[in-house]
Amino acid sequence: MAYDRNNIFAKILRKEIPNKTVYEDDFALAFHDIHPQAPVHVLVIPKGDFISMDDFSQNAKPAEVQGFFAAVGKVARLVGVDKTGYRLLANHGADSHQEVPHFHVHIVGGGALGPLLAKRG
Ligand code: AMP
């Protein structure tokens with residue numbers, strides 16, 4: 001599967017659509033999720049064109065991996081959930097219901113989060 005340059009996070013990276021930026025550096029952009037599912041819900045995306053965790057973990061350069069995950073930790077501290085706790089979530093592919101095909105990590109926290117996964121029906 002080829003990277004879709006018209007996905008919504010690619011447009012955010014190109015500043016074609018607005019976002020509520022929390023943090024930005026050479027490797028990552030972090031912004032508030034438009035439909036927050038916890039008191040704190042921030043997305044961190046790499047600057048490079050990676051579809052998902054599967055793509056990123058195989059094809060990103062070591063400096064991109066290091067820079068990205070350092071940014072995730074920094075963002076969690078910036079939004080103030082490092083002391084109280086937070087959950088990281090990254091969806092890959094159909095079973096996960098990944099909606100946006102640009103790799104992203106959700107940081108959720110700011111209150112007790114409950115069980116890891118919704119019960120299967
Ligand atoms: P996922 O299901 O892991 O692909 O998650 C995609 C996330 O992107 C969802 O939580 C959406 O609410 C969020 N989202 C979609 N469009 C935007 C946007 N323009 N700005 C911020 N968050 C967005």
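User: Before we start, how is the radius of gyration taken here, and what is the globule rule?
Analyst: The radius of gyration is taken over C-alpha atoms, and the globule rule is 2.2 Å times the number of residues to the power 0.38. Please note that this is a predicted model.

User: What does the rule give for this chain, and what radius of gyration does the chain have?
Analyst: For 121 residues, a compact globule would have a radius of gyration near 14 Å. The chain has 14 Å, which agrees with that expectation.

User: And what box do the C-alpha atoms fill?
Analyst: Along the principal axes, the box is roughly 35 × 35 × 30 Å.

User: Which elements does the chain have, and how do they run?
Analyst: There are three helices and five strands. Starting at the N terminus, their order is α-β-β-β-α-α-β-β.

User: How many of the contacts join residues at least 24 apart?
Analyst: Taking contacts between residues at least 6 apart in sequence, 55% join residues at least 24 apart.

User: Let us turn to the rings. How many aromatic pairs are there in the whole structure?
Analyst: A search of the whole structure finds seven aromatic pairs. One of them joins Phe50 and Phe56, with ring centres 5.1 Å apart and planes at 85 degrees, so this pair is edge-to-face.

User: Is Phe50 buried or exposed, and what about Phe56?
Analyst: Phe50 counts as buried because its relative accessibility is 8%. Phe56 also counts as buried, at 1%; the cut-off for buried is under 20%.

User: Which pair do Phe56 and Phe68 form?
Analyst: The pair of Phe56 and Phe68 is edge-to-face, because the planes stand at 65 degrees, with the ring centres 5.3 Å apart. This pair links distant parts of the chain: Phe56 lies in helix α2 (residues 53–59) and Phe68 in helix α3 (residues 62–78), twelve residues apart.

User: Is Phe68 buried or exposed?
Analyst: Phe68 has 0% relative accessibility, so it counts as buried.

User: Which residues do the ring pairs link into a cluster?
Analyst: The cluster consists of Phe50, Phe56, Phe68, Phe69 and Phe103.

User: Back to the chain as a whole. What share of the residues is buried, and what is the accessible surface?
Analyst: Of the 121 residues, 37% count as buried. The accessible surface comes to about 7,600 Å², and 55% of that belongs to carbon and sulfur atoms.

User: Lastly, how many charged side chains are there, and where do the centres of the two sets lie?
Analyst: The chain carries 13 positive and 13 negative side chains. The centres of these two sets lie 6 Å apart.

Terms used: Residues are numbered from 1 along each chain as its sequence is written. This is a predicted model: local features need pLDDT of at least 70, side-chain atom pairs count only at pLDDT 80 or more; totals for chains, interfaces and linings use all residues. Side-chain values use heavy atoms; hydrogens and water are left out. Rings of Phe, Tyr and Trp (its six-membered ring) pair if their centres lie within 6.5 Å; planes under 30 degrees apart count as stacked, over 60 as edge-to-face and the rest as tilted. Buried means under 20% relative accessible area, exposed over 50%, partly exposed in between (1.4 Å probe, protein chains only). Helices (H or I, at least four residues) and strands (E, at least two) are DSSP runs, numbered from the N terminus. Contact means heavy atoms within 4.5 Å. Accessible areas come from the Shrake-Rupley method with a 1.4 Å probe; for residues, only the protein chains shown count as cover. Lys and Arg count as positive and Asp and Glu as negative; His and the chain ends are not counted. The place of a charge is taken as NZ of Lys, CZ of Arg, CG of Asp or CD of Glu.
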